[in-house]
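Open the model in your viewer and keep the selection tool at hand.

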Amino acid sequence: MKHGVGQLVRDIWLGALMLLFVVSAPFIFLVRPQPAGAQVACDPAVVDTTGQLDRDALAEPLERLATLADVRVAAFQSVDGGDLEAEIDRLIDQCLSLDGAPTRTYVVLAVSIDDRDTQLRYGDQFRSELEPRFEEIMAEEMNPRFQDGDVTGGLLAGLEAVADEIEQGVVADDGNAADSAGAPVETDDPDGLVVAGGLAGLVAVGGAGALLVRRRRLMDARNE
């Protein structure tokens, strides 16, 4: 009889342990650690490994540019292999891409202090606004402040300059669209189709695709 009771107790304990394992196993797999560096954090608009950024000072210009673009700013003390371009490539691939291709409306401003490298990257939609000015923005607005140790000031100046250029481009585009909308162009189409110049231009731009415009400039390039 004692043997039967002991066996029953052992069976109960064994069953309880098995039940505990079945219940807890899914949670064990859910909380297992992920490899370091496997994923870039996409939620914050500001990445700072320097500990020097004043996020409050950046909040207003970030909000302003965020109405025009999907914007990120990043300040690194240093990056692996000194390759800031590869670091920003990873950020764009993981956080600023859709269906495997970069979006047309992203803007990234970044600096790696120890590597003396600055990056201003942007999507194809902003090519006409930023292509003529991106080197000047980095060389004259951002880099002098970085060299003075003002990391926040360098990114702040870059954000404001980029927003100014994009806003001016938007105003110019709106004006051109208004001028062309009232000037239809007759064609030789036998059905008498009339195409407005503004619509034709919009279709042409849309067909250009999401070309990636990538630019970089060393922080001290203008001081050599």
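Select Leu109 and display its contacts, meaning heavy atoms within 4.5 Å. Beyond its neighbours within four places in sequence, Leu109 touches Val71, Arg72, Val73, Ala74, Gln119, Leu120, Met142, Leu155, Gly158, Leu159 and Val162. A word on the source: this is a predicted model, where local features need pLDDT of at least 70, side-chain atom pairs count only at pLDDT 80 or more, and totals for chains, interfaces and linings use all residues. Residues are numbered from 1 along each chain as its sequence is written, and side-chain values use heavy atoms, with hydrogens and water left out.

Buried here is under 20% relative accessible area, exposed over 50%, and partly exposed in between, using a 1.4 Å probe and protein chains only. This core has 28 residues, and those touching the most other members are Leu65, Val107, Leu109, Leu120, Leu155, Leu159 and Val162. Two or more residues each come from helix H2 (55–66), strand E2 (70–76), strand E5 (106–112), strand E6 (117–123), helix H5 (134–147) and helix H6 (151–181). These elements are DSSP runs numbered from the N terminus: helices are H or I with at least four residues, strands E with at least two. H6 gives the most, with 7 residues. Apart from this core lies another, of 12 residues, including Ala74, Phe76, Ile88 and Ala110.

Next, colour E5 and E6. They run antiparallel, joined by 6 bridges; strands pair if DSSP finds at least two bridges between them. Look for Val111 opposite Thr118 of E6, then follow the hairpin, with 4 residues between the strands, to Arg116 and its positive phi near 50°. How many residues of E6 are buried? 7 of the 7 are, so E6 is largely enclosed by the rest of the structure. Asp117, Gln119, Arg121 and Gly123 cover one side, and Thr118, Leu120 and Tyr122 the other.

Finally, select H5. Its 14 residues reach 18 Å from first C-alpha to last, close to the 20 Å expected at 1.5 Å a residue (1.5 Å times one less than the number of residues). At Glu141 the helix bends by about 30°, and Pro144 follows within four residues; the bend is the angle between axes fitted to the seven residues ending there and the seven starting there. Buried residues of H5 include Phe134, Met142 and Phe146.

Technical notes. Core = buried A, V, L, I, M, F, W, Y, C linked by side-chain atoms within 4.5 Å.
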